Amino acid sequence: DAAATYDLSGLNKVNIAYASIYLPNNAASGTALYQTVCLASNGTAERCGLGNAGRAIGICMEGCGQTGNARIAIQGFLTCDFDSGVTAGNWVTVSTSQAGKCADAGTTRPAVALGIALVTQAGAGSYDLIRGIQ
């Protein structure tokens with residue numbers, strides 16, 4: 001607010017859609033909107049491939065591509081492109097069939113947990129999830 005005072009007592013709620021970081025896009029592999037982001041070995045952001053899910057750090061929300069800086073959502077209410085259907089309440093992970101996509105991992109927490117699905121949808125598409133501190 002203009003006075004630079006913030007009431008975090010619980011009487012006034014802070015409404016933040018997501019917390020994010022900025023990283024330079026990898027010039028070769030790049031990032032894509034609403035797709036998973038992995039940290040490349042040179043410290044840049046790249047779309048998660050089928051073999052590097054263990055380096056997943058979040059989802060690209062702005063500035064996605066092969067130049068400039070990607071805004072990567074790391075916590076909060078996010079949107080991700082799913083490779084197939086999803087069920088609300090199920091864990092979300094990195095797809096093992098389509099690079100950059102999210103996947104429904106079921107009810108058991110996967111090794112790479114991106115969050116929990118907030119919707120139930122039958123087919124592939126862009127759907128919401130919530131990601132807490134991992």
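How many helices and strands does the secondary structure of the chain come to?

**Figure 1. Overview of the chain in the predicted model.** The secondary structure comprises 0 helices and 9 strands. Followed along the sequence, these elements give the pattern β-β-β-β-β-β-β-β-β. The chain has 134 residues, and buried residues account for 40% of them. Of the contacts between residues at least 6 apart in sequence, 53% join residues that are at least 24 apart.

**Figure 2. The disulfide between Cys38 and Cys48.** A disulfide is a covalent bond between the sulfur atoms of two cysteines. The count for this model comes to 3 disulfides. When the bonded cysteines are counted along the chain, the disulfides follow the pattern 1-2, 3-4, 5-6. In this view, Cys38 is joined to Cys48, with an S to S distance of 2.1 Å. The pair links distant parts of the chain, 10 residues apart: Cys38 belongs to strand S2 (residues 36–39), whereas Cys48 sits in the loop between strand S3 (45–47) and strand S4 (56–62). The link of Cys38 and Cys48 is right-handed, with 105 degrees about the S-S bond. Cys38 counts as buried because its relative accessibility is 0%. Cys48 is likewise buried, with a relative accessible area of 0%.

**Figure 3. The disulfide between Cys60 and Cys64.** The sulfur atoms of Cys60 and Cys64 lie 2.1 Å from each other. The link of Cys60 and Cys64 is left-handed, with -115 degrees about the S-S bond. Are the two cysteines buried or partly exposed? Cys60 counts as buried, at 0% relative accessibility, whereas Cys64 counts as partly exposed, at 26%.

**Figure 4. The disulfide between Cys80 and Cys102.** Here a disulfide with an S to S distance of 2.1 Å joins Cys80 to Cys102. Cys80 lies in strand S5 and Cys102 in strand S7 (residues 102–106), so the pair ties together parts that are 22 residues apart in sequence. With 95 degrees about the S-S bond, this link is right-handed. Both Cys80 and Cys102 are buried.

Figure 5. Phe77 is part of strand S5, which spans residues 69–82. The relative accessible area of Phe77 is 49%, and this residue is therefore partly exposed.

How values were computed. Residues are numbered from 1 along each chain as its sequence is written. This is a predicted model: local features need pLDDT of at least 70, side-chain atom pairs count only at pLDDT 80 or more; totals for chains, interfaces and linings use all residues. Side-chain values use heavy atoms; hydrogens and water are left out. Helices (H or I, at least four residues) and strands (E, at least two) are DSSP runs, numbered from the N terminus. Buried means under 20% relative accessible area, exposed over 50%, partly exposed in between (1.4 Å probe, protein chains only). Contact means heavy atoms within 4.5 Å. A disulfide is a pair of cysteine sulfur atoms within 2.5 Å.
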